[in-house]
Amino acid sequence: MKRIIARACLALLLTAAPVLDARSQSAVTTDARTMNATLKDVGAWTIWGTRVTFVQDGAVPGGTTVTAAAREDRTGEPWASAASMAVPLPLKAGDRVSATFWARAAQAETVPVMINGGAPSYAVLASRTVDLTPDWRRITLSGAAPADLAAGTQFLTLHLGRAPADIQLGPVLFQPGVPYDADIQAAFAGFRPAQRVQDVPIPTDPGVVLAGRLRLPGRHGDGPFPVVVLLSGSGPGKRGVFPLIEDRLLAEGIATLDYDKRGVGESTGTFVDTLGLMERDAAAAVAYLRGRPDIDGGRVAFLGLSQGAYVGPAVAARDPAIAAVVMLAGPAGERGTLFTDDMREKLAKAGIVGDANDRIVAALEALYGARIAGATPSVVGGARQALTDAFVAGGWSPAQADAVVAELDTPAVLSLYQAAPNEALARLRAPVLALYAGRDTVVPTHRAMPEAQRALRANPDATVLEIPGVNHGFQHVDTHTPGPLEPAVSAPEVLDLVQRWLGDRLRAGPKMN
């Protein structure tokens, strides 16, 4: 238990739980025979077991494709890697359903494709192999339902575990009944996706390139578009943390950009989760966006959760051209005391109060002071030992004390101690929406929210609100911690508020040509 509490001392800026990055947009054909047909864009593909890349290709309907890379190890099971998409249509027993999709391969190969149910039976409605070549093919698979089946319980699946080359996929048309070629052609001919997705390289420090994913609105003209840079919490964050927010913003005609943190996923460099490095990378993302002709450089905004809600305002405070900032569970407070107040509270919850609590905090401040001053190894070593002794005096075993001191004495945690969010918030003149969670145990709302209100009091367009009943990830779940099965920021009232607030400020904001 003390080990868990020790880790909680470091959880000031916890990341939200990552989620699968899967989306769906639909277009409905008007022919009476296929009036329930649904066309899904490539964001609805869920691909696992391999690297995924989105690219633009005008040769396929919608212009956006997704590539599943060939696995280095192709000796395992065919389903070790796969691309899957849920069938959106409800089916009665005996009903036929067809799926028509676009695909090609970097070299000629044959892959299994099926329409099947989920666990535990994986019942198959249709199955065949398809021959893929470097040329785009339109492929149709059709089968009959063995029983009544709810929408979303069956899946179009390609098994790619043994594919020797990259597989590129386009949009998918699902149709009830017998597929008719004229209807298929008409549906794809008029298809305009809700989003155009592309993976982009973002140069930052020398030798470091961030793997970014840019989503452009597909039904709001050709731009230039306003854009929101999405920043997740601490830890080795990857793209795709905020899928529901992205869908809402794209519907407003607002582009989105997120990226794998440096040294994580497909980004290069070394992962060191200090606030200074995260700020440099966020600023590099803004610079990249302002160099694109399809992005309006005068309408760039930040949306960040937890650590990201510190990084966004810190960058915006130095960049007066940032158009808006959304802070979700953003730390607020003064340099040093923000961290130590949180430490005192967590120690108290662990039963360490009074003089023992004061001794630990004082020893921690002495250690960080030595680190900041660049003290000699002997001075730093003495400060570490004093902190260890303070934990032991508070009732922890030497092994427990050594472990937590090792976790506290890192560059990332030292950067939290040095964080000064109120200084950045006080300098911000961009519109700010700061939301705090009523059930947050990571960034304590009862302390952070009044500090944010105080720091933003001179900003004429700053709104600070508490959202009751949601946790640190702004989810409605039965626990105070981020839920593993829901995307971060899934509470409908939060999605509605963020969509409306950003839409109002970015659609009518200044433009930079």
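The legends below describe close-up views of a predicted model. Local features need pLDDT of at least 70 and side-chain atom pairs count only at pLDDT 80 or more, while totals for chains, interfaces and linings use all residues. Residues are numbered from 1 along each chain as its sequence is written, and side-chain values use heavy atoms, with hydrogens and water left out.

**View 1. Helices α7 and α8.** The axes of α7 (residues 354-373) and α8 (residues 377-393) come within 9 Å and cross at roughly 165°. Axes are lines fitted to C-alpha atoms, for helices over the stretch in contact, and angles run from 0 to 180 degrees between N-to-C directions. The two helices are therefore roughly antiparallel (over 145 degrees). Among the residues that make the contact (heavy atoms within 4.5 Å) are Ile 360, Ala 363, Leu 364 and Leu 367 of α7 and Val 380, Ala 383, Leu 387 and Phe 391 of α8. By class, the contact of α7 with α8 holds 14 nonpolar, no polar and four charged residues. Here Ala, Val, Leu, Ile, Met, Phe, Trp, Tyr, Cys and Pro count as nonpolar, Asp, Glu, Lys and Arg as charged, and the others, Gly among them, as polar.

**View 2. Helices α8 and α9.** Helix α9 (residues 398-408) packs with α8 at an angle of about 130°, with the axes 9 Å apart. Arg 384, Leu 387, Thr 388, Phe 391 and Val 392 in α8 meet residues of α9 including Pro 398, Ala 401 and Val 405. The contact of α8 with α9 has nine nonpolar, one polar and two charged residues.

View 3. An α-helix has 3.6 residues a turn, so residues three or four places apart point the same way. Helices (H or I, at least four residues) and strands (E, at least two) are DSSP runs, numbered from the N terminus.

**View 4. Leu 249 in helix α3.** Leu 249 lies in α3 (residues 243-251) and is buried, with a relative accessible area of 0%. Leaving aside neighbours within four places in sequence, Leu 249 is in contact with Val 228, Ile 254, Thr 256 and Leu 502.

Technical notes
Angles under 35 degrees count as roughly parallel, over 145 as roughly antiparallel, 65 to 115 as roughly perpendicular and the rest as oblique. Buried means under 20% relative accessible area, exposed over 50%, partly exposed in between (1.4 Å probe, protein chains only).
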